[in-house]
Amino acid sequence: PEIRSALIILAATAIALPLLPNQTIDPWGVINPRTLWLLTILVAGASFIAYIAVRALGPRAGLMVGAAGGALVSSTLVTAELGRRARAGETSPRAAAAAASLAAAVSVTRVGVLACVVAPPLLAPLWAPLLAAGGAFLALSAALGRGQTFAAGVGSDGLKSPFELRSVLQFAALLGAITIAGQAIAAAAGESGLLAFAAAAGLADVDAVAVASSGMVNSGLPPTLGAHAVLLAVLSNSLAKVGIAYVSGGARYGWLCLAATMVAAVAGALVLLFA
């Protein structure tokens, strides 16, 4: 199934891409169908490589490696799966939180790389706060994992192929909608409206907000404002995963994930304010 879905998307890209209009088609001048499709394939392709690695390694990879690989596909699903294991007694809440913190560090790094690849001007305002937040998650993962016994790897049971045609089209639609809504809100409500929208949209999909903000930077949005939108989306998405941790893994796992998230958020905010 993975090979079939990958071939379908690659064939659609090779055939459809030259036929797609290479100009904006919306009133705000931000949706270019060819660029939108390329960005969608970029995000799906990055996830697909990690998905295949997780499928190939399976439980042999161990909990931490599996969580890190799975986070490149979906850190939200990894957080929920770790919570399920903690609640079922397959691993301790502290070991699960250590793996979830590592997954969060990978997720933060992934978002930063995606944003900066799409819009290189974002590198300057983004790298320091994201590095601080990711480093805090990594340090807390090491601290929580000290002395813990780790069970088998997370595996890929809950992960879907990122190259599944339906998933790709859904992401493309979401990315287009967020891009148009963000541009319209920025024009109507200014900076505060765009940042509030980025925080709300980040609850659903941080990758889409990061890529949409990067595209808006390429269209003339100030890089600092685009970076703030990405950072708020990362924060709201991290807090959403804390809620998922509480529901899936219970209070102790949830509290540990909340503590890690707050430390990372404070580290990123301090660097953003004083760097």
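Residues are numbered from 1 along each chain as its sequence is written, and side-chain values use heavy atoms, with hydrogens and water left out. Because the model is predicted, local features need pLDDT of at least 70 and side-chain atom pairs count only at pLDDT 80 or more, whereas totals for chains, interfaces and linings use all residues.

The protein contains nine helices and zero strands, where helices (H or I, at least four residues) and strands (E, at least two) are DSSP runs numbered from the N terminus. Read from the N terminus, its elements follow the order α-α-α-α-α-α-α-α-α. The C-alpha trace spans about 55 × 50 × 30 Å along the principal axes. The radius of gyration of the protein is 19 Å, which agrees with the value near 19 Å for a compact globule of 275 residues; this radius is taken over C-alpha atoms, and the globule rule is 2.2 Å times the number of residues to the power 0.38.

Of the 275 residues, 51% count as buried. Buried means under 20% relative accessible area, exposed means over 50%, and partly exposed lies in between (1.4 Å probe, protein chains only). The protein exposes about 12300 Å², of which carbon and sulfur atoms supply 70%; such areas come from the Shrake-Rupley method with a 1.4 Å probe, and for residues only the protein chains shown count as cover. Among contacts (heavy atoms within 4.5 Å) between residues at least 6 apart in sequence, 76% join residues at least 24 apart.

Ala-96 belongs to helix 4 (residues 93–118) and is buried, at 0% relative accessibility. Not counting residues up to four places away in sequence, Ala-96 touches Leu-82, Ala-86, Thr-91 and Tyr-253. Leu-82 is 14 residues from Ala-96 in sequence, and their C-alpha atoms are 5.5 Å apart in space. Gln-23, in turn, lies in the loop between helix 1 (2–16) and helix 2 (33–57), and its relative accessible area of 54% makes this residue exposed. With residues up to four places away in sequence left out, Gln-23 touches Ile-31, Asn-32 and Pro-33. The C-alpha atoms of Gln-23 and Thr-35, twelve residues apart along the chain, are separated by 8.8 Å.

The aromatic residues come next. A search of the whole structure finds three aromatic pairs; rings of Phe, Tyr and Trp (its six-membered ring) pair if their centres lie within 6.5 Å, and planes under 30 degrees apart count as stacked, over 60 as edge-to-face and the rest as tilted. The rings of Phe-48 and Phe-163 are stacked, because their centres are 4.7 Å apart and their planes meet at 15°. Since Phe-48 lies in helix 2 and Phe-163 in the loop between helix 5 (123–145) and helix 6 (165–202), this pair ties together parts that are 115 residues apart in sequence. Phe-48 is buried at 12% relative accessible area, and Phe-163 is buried at 6%. Tyr-246 and Trp-255 form an edge-to-face pair, with 5.9 Å from centre to centre and 75° between the planes. Here Tyr-246 is partly exposed, with a relative accessible area of 28%, while Trp-255 is exposed, at 55%. Ring pairs also link Phe-48, Tyr-51 and Phe-163 into a cluster.
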